[in-house]
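Please consider the following note alongside the sequence and the coordinates. It is arranged as numbered points, each on one topic.

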Amino acid sequence: MVPFALPGLSLIMRLVAHCCCSRLMRSLVDQPPCVRHERLTWGGQFGGELMILGIGLLGAIIGWSLVDFEGFGFVIGGLFGMVAGWILRRSVRAEVLKATEALQAQIDLLLMRDIVDASSAPSAASEHRPPASLTDVSPSQAVDIQPVPLAGHSPSPSTAAPTAPVTPLPNSSEPGVIETLAATIIARAKDWLFGGNTIVRVGLIILFVGLSFLASYAASAGLFPIELRLALVVGIGIALLVVGFRTRTARPGFGLALQGAGIATIYLTLFAAAKLYDTFPVFAAFGFMILVCALGCALAILQRSQALAVTAFAGGFAVPLLLAGAGGNIASVFAYFTILNIAILFIARRQSWRLLNLIGFFATFGAATLWGTTSYQPSDFLLAQVFLIVSVLIYVVTAVLYTRATPGRLGHVVDSTLLFGPAFAGFGLQVGLVHDRPLGSAFAALGFAALYLGVAVWTMRHRRHSFRVMNETMLAIGIGFVTLAVPLALGVGWTSAAWALEGVGAVWVGMRQARWMPRLFGILLQLVAAFLYLTSLDANVAALPLANPGFVGAMLIALAALATAWWLSAPLPHSGSRLAQWYGGWEERLAKPTFLAGFGFWWLAWVMEIGRSVPTRYAGQPPIPVFSHDLQPLLMLLAYVASAWLAQTIGRRLRWSVASWPSHTTLPALTLTFFAAVGTGHHLLYLPDCAVWLVTIVLHLRMLYLNDTTPGSPPPHAMLRTTHVGGVWLATAMVADCLWLAIDRAQLWASAWAEVTFLTSATAVLIGLTLWSGRALRAAAPVYRWPLDRHAVGYAWQAALPIAAVVFVSTLLTAMLSSGNADPLPYMPLLNPVDLALSLSLAALEYWRRTILAAAPTLPGAAVLRGPRALAALAGLAFVIVNTIWLRLAHHFLGVPWDGDALLASFVVQTGLAILWTLLALALMVRAYRQGQRAPWLGGAGLLGLTVIKLLLIDLNNAGGGARIIAFIVVGLLMLAVGYLAPLPPRPKATPDEEEAAA
């Protein structure tokens, strides 16, 4: 029936394609050529993808409905639908190309005309010479294009195109995402379908679908009893098996495929008869399954076909998994799996079929894991234990047999999955069985260790050289289980310590014996010990100092890592094999990370000791910390800085460069601890905090000096420069903290003294930096000692620039926001803390600017301080300071509330501002006139104009007020004074060169 259906399907699709093309041509015939080309190209891509997806979805729905809405019908119907859609798309494309051949020729001709017109040159020679794209066309490539009338349309004379040779344009369209995905799926399907006996594979698929349809129909119609249906299916399976075996010689591929299908069919039918329909005794079904399994093993061995064995065992393992939960007792399933595994072990003695071994392993332990997590009951312990032990033994022996049967160039090949898989999967299941028993997990680890070590000892006695890789792997797994038994029997702290010592011992042995595998194992074991310690980190409650798991565990991990890092600092010998050389390249890179990890655990050990608590004598009471919670962060900081200093000292003596790395990180530690202390309300000068801070700062400066001045060390790099600069910024915050403590002791938080604290500290640091390092920037300056001999620019410019910016912003904010409350002292203009701090900060900024500009040579980026923007910024800041002085005076002596709206609404304040602005403009313009500078004079004139605008917009609204009168009169008089005392300075005379350039 299929041979007749395929031509009919092709004919239907061609008719559909012809109808689609007719509608497409009628919709495109009246469009411009470029639009036709674009729509044809895009529509072909997008429409083809939609066609495949749409027909595939339709086929999936039809297939789904035909098999009573089973999932396999949806998949198979979708595949057939996508194939039909792909055939239809090809038919549609063929019809489109046939119907649009003339139209495409006209489009190509018009496009070629555009190319010719665009490439024509204006010269006479080029006008009579045809373009290269036309003259280079060979006679074989040239095509005479004539406009051919489309169906239902006749070309008009005006649209007739002349004959011209045209080269077909390449198709530059790229396939879309859906088309690419469909092409990939089709390619994979082709590879599978045509990779072997195609007819057999297609026939099996069709047969499977037909049997499914038949079973579904028979079940729904009730035509035959279930026993007869099952017997027919078994008969079909036996027929497939017999026919396949009879054709094994003449047609091997055909025969093996039929035998595999027959075995899978018999498996499925027997299990369904026993579990689903209860028409066959369970034990009898398992007996027959044993026979089928034995038959499959015999056939696979007889024909040396791994594919047949894989097919048989895959079907056998899939039966209970697919029908899980249908009832029955787990003992029969375990017995069935054990029989299959024994069969795999039997085959492994003669054939090294790795894929078959892996299928059995994953099916067995996967099913056991699924059952253990969903259906396990304590009453099943003995049964599950026996099944687990037998399965682990089977696959460990299978791994040994595979190694024996698989020789290689460097010894027998090892199946790493079968060596490590039973260990990891089996131990995980064993722990799940015995986790509620005392020391059950520890004894489970010892049992697996005994198994792997025993196998390793036996194979080393009989096959030491050929089984070298497997022996070492078995030893590593066994030692790993012995190591794992320690934490399962002891506490986490002592376990990590024991593992760290074992790891460093393994590294030492590997170094002495020039073997890389023990060294790798030792490093990995130390890594696991560190991870275990960190994941179990908790409060250290112990009565004894230092002799407690928290301190000892971290300290032993640290010492082991530091010793390993010292050994790895020089290349270690190895066997010279390819793996050893590859590992040696990575081992050299582990020295520095290992040292840093060791240093981190060294500091962590002291952190655990500092945070230790002592248990109380009375139950229910919390433990008592040895050190107060306020002092603990400072002691941790001291431990870190002192450890960094000790590491630097050892590194200098041993010429171990990585040991000095922690000394470069003390500034971040100081900064974080300082801000954490400030956040909790602690100050630098508290006792005993100040003593700890003094020691840590001295150690920090000592390490900074050694890093800078060590003979043979490189010149100061970015990290050292950043440390010097960052130290200045931290010093600024510390000075502010000291001033805040004074404010707190004097209870002046509600006064202006507290408002200017940070501004004063930043200004003091800026002045100190300028006085200290500014002299070293001069060309004729004497040679200074450390650190000015190499960091003068860093202190005076890179460290001071952000501080100057902070001073500028703080000055602006303080001037605008502070009311100048000088309690407990009375307010005095210009002598209150706010005005004094503002004046000092403005003078410090100008002094620093001039010092930087006087540096020789000129500092990179310092030219911005010489330009008009810097002067304008300082002048604007001075202007704000002078104005706010008047606002504070009005607040304290004239009773104007210190509020933005109240100050702006006060005509007295506005009058004072008008007079003040005029006086400032007068002073600026008089000074500019005397110095013959036009730019400052124009600035004063602008300020004067701004004053006039303010008078007209603000002061004029004070109808009948005396303030308005005073403002206008005073401003008027001052303006007269300006006109008399400071007229506009004349332009400077141009030099002869400038006059000549202007001419």
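1. Basis. This is a predicted model, in which local features need pLDDT of at least 70 and side-chain atom pairs count only at pLDDT 80 or more, while totals for chains, interfaces and linings use all residues. Residues are numbered from 1 along each chain as its sequence is written, and side-chain values use heavy atoms, with hydrogens and water left out.

2. Helix pair. Helix α20 (residues 516-535) and helix α22 (residues 578-587) have axes that come within 10 Å and cross at roughly 40°. That angle makes α20 oblique to α22 (angles under 35 degrees count as roughly parallel, over 145 as roughly antiparallel, 65 to 115 as roughly perpendicular and the rest as oblique). Helices here are DSSP runs (H or I, at least four residues), numbered from the N terminus. Axes are lines fitted to C-alpha atoms over the stretch in contact, with angles from 0 to 180 degrees between N-to-C directions.

3. Residues at the crossing. W516, R519, L520 and I523 of α20 meet L579, A580, Y583 and E587 of α22, where contact means heavy atoms within 4.5 Å. By class, this contact has six nonpolar, no polar and two charged residues.

4. Nonpolar cores. A core is a set of buried Ala, Val, Leu, Ile, Met, Phe, Trp, Tyr and Cys residues joined through side-chain atoms within 4.5 Å. The largest has 63 residues, and those with the most contacts inside it are Y267, F313, L356, M474 and F481. Its largest share, ten residues, comes from helix α15 (residues 381-404). A second, separate core of 38 residues includes V728, A762, V807 and I852.

5. F313. Leaving aside neighbours within four places in sequence, F313 is in contact with C293, C297, L340, A343, I344, I347 and L356.

6. S841. This residue is found in helix α31 (residues 833-853) and counts as buried at 0% relative accessibility (buried means under 20% relative accessible area, exposed over 50%, partly exposed in between, with a 1.4 Å probe and protein chains only). Not counting residues up to four places away in sequence, S841 touches L759, T763, V807 and T811.

7. L544. The loop between α20 and α21 (549-568) holds L544, which counts as exposed at 53% relative accessibility. L544 and V614 are 70 residues apart in sequence and 8.3 Å apart in space, C-alpha to C-alpha.

8. A902. Helix α33 (residues 900-905) contains A902, which is partly exposed at 22% relative accessibility.

Conventions: Helices (H or I, at least four residues) and strands (E, at least two) are DSSP runs, numbered from the N terminus. Ala, Val, Leu, Ile, Met, Phe, Trp, Tyr, Cys and Pro count as nonpolar, Asp, Glu, Lys and Arg as charged, and the others, Gly among them, as polar.
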